[in-house]
Amino acid sequence: MTLLVVATGNPGKLREMQAYLSDCGWELTLKPEDLEIEETGDTFAANACLKASQVAQATGNWAIADDSGLQVDALNGAPGVYSARYAKTDGDRIARVLKELGDTPNRQAQFVCVVAIARPDGTIALQSEGVCRGQILHAPRGSGGFGYDPIFCPQDKQLTFAEMTPELKRSVSHRGKAFAALLQKLPHLNNTHC
Ligand code: IMP
């Protein structure tokens with residue numbers, strides 16, 4: 001098994017990636033706690049690549065990172081790469097998006113996720129992207145999930161991300177699509193069994 005360091009300190013993210021990458025010949029582990037990486041990129045791809053690359057170089061192992069966020073059309077793509085930093089708490093971040101949108105009839109938005117895998121020398125081996133288009137509601141609905149889930153309803157669905165089971169969310173979400181695309185490309189790396 002090849003060690004794959006996940007460029008996050010979040011055990012929840014490690015579990016999620018383990019679920020996506022099960023049976024792929026990787027042994028996933030969290031990055032060292034004292035290794036801090038600043039997300040200085042201005043795109044999701046730049047941030048995913050810099051996180052994967054820096055963790056790979058610092059640990060001398062293969063590394064994987066993802067970066068994701070919400071882009072609202074009527075807000076010119078905000079909060080975008082600032083999704084996690086848009087306000088202090090999930091509730092405050094949701095309130096800020098709803099306030100900025102006001103009664104705007106254009107509620108179109110999308111979640112984007114980019115996943116990158118870096119080789120031990122820091123070069124990027126694989127990159128994939130997933131996009132989930134949908135609508136921003138006028139008020140939150142549902143209690144599952146995290147982040148902006150209660151105000152986002154994917155296209156052609158009646159439920160918000162926060163009202164979906166984790167399995168249903170995975171099947172339509174930006175992150176699910178990014179990992180599905182990654183799995184398609186993994187055989188080309190030659191060190192996995194997928
Ligand atoms: P990161 O990819 O861990 O940097 O997360 C970026 C931020 O985007 C999160 O903190 C959330 O605010 C938001 N976000 C990303 N994916 C989702 C999702 O699936 N649901 C709700 N919010 C999300």
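**Exercise 1. Find how far a polar side-chain atom of Lys13 lies from an oxygen atom of the ligand.**

Solution. Step one: take the Lys13 side chain. One of its polar atoms lies 2.7 Å from a ligand oxygen.

Step two: look at Lys169. Its side chain places a polar atom 2.8 Å from an oxygen of the ligand.

Step four: check the cover. Alone, the ligand exposes 480 Å², and the protein buries 87% of that. Areas come from the Shrake-Rupley method with a 1.4 Å probe; for residues, only the protein chains shown count as cover.

A note on the source: this is a predicted model, in which local features need pLDDT of at least 70, side-chain atom pairs count only at pLDDT 80 or more, and totals for chains, interfaces and linings use all residues. Residues are numbered from 1 along each chain as its sequence is written, and side-chain values use heavy atoms, with hydrogens and water left out.

**Exercise 2. Describe the shell around the ligand and state which element gives the most to it.**

Solution. Step one: count. The ligand is surrounded by 15 residues (a heavy atom within 4 Å). Lys13, Ser68, Asp149, Lys169 and Arg175 are the closest.

Step two: sort by class. Six are charged, five polar and four nonpolar. Ala, Val, Leu, Ile, Met, Phe, Trp, Tyr, Cys and Pro count as nonpolar, Asp, Glu, Lys and Arg as charged, and the others, Gly among them, as polar.

Step three: assign elements. β3 gives the most, three residues. Helices (H or I, at least four residues) and strands (E, at least two) are DSSP runs, numbered from the N terminus.

**Exercise 3. Locate the ligand among the pockets and describe the lining of the largest pocket.**

Solution. A pocket is an open set of points on a 1 Å grid over the protein atoms alone, where a 1.4 Å probe fits, with protein on both sides within 12 Å along at least five of seven lines; lining residues have an atom within 4 Å of a point. β3 (62–72) and α5 (174–185) each give two or more residues to the ligand's shell.

Step two: size the pocket. Its volume is about 710 Å³, the space filled by probe spheres set on points joined across faces, edges and corners.

Step three: read the lining. It has 29 residues, with Lys13, Ser68, Ala84, Phe146 and Arg175 nearest the centre. β3 gives the most, five residues. By class there are 12 charged, nine nonpolar and eight polar residues.

**Exercise 4. Which residues lie nearest the centre of the second largest pocket?**

Solution. Step one: the space is about 240 Å³.

Step two: of 14 lining residues, Glu16, Phe146, Pro166, Lys169 and Arg170 lie nearest the centre.

Step three: α4 gives the most to this lining, with three residues.

Definitions and conventions: A polar contact is a pair of N or O atoms within 3.5 Å; within protein, one must be able to donate a hydrogen and the other to accept it, and residues adjacent in sequence count only if both atoms are side-chain atoms. A molecule sits in a cavity or pocket if more than half of its atoms lie within 2 Å of its grid points.
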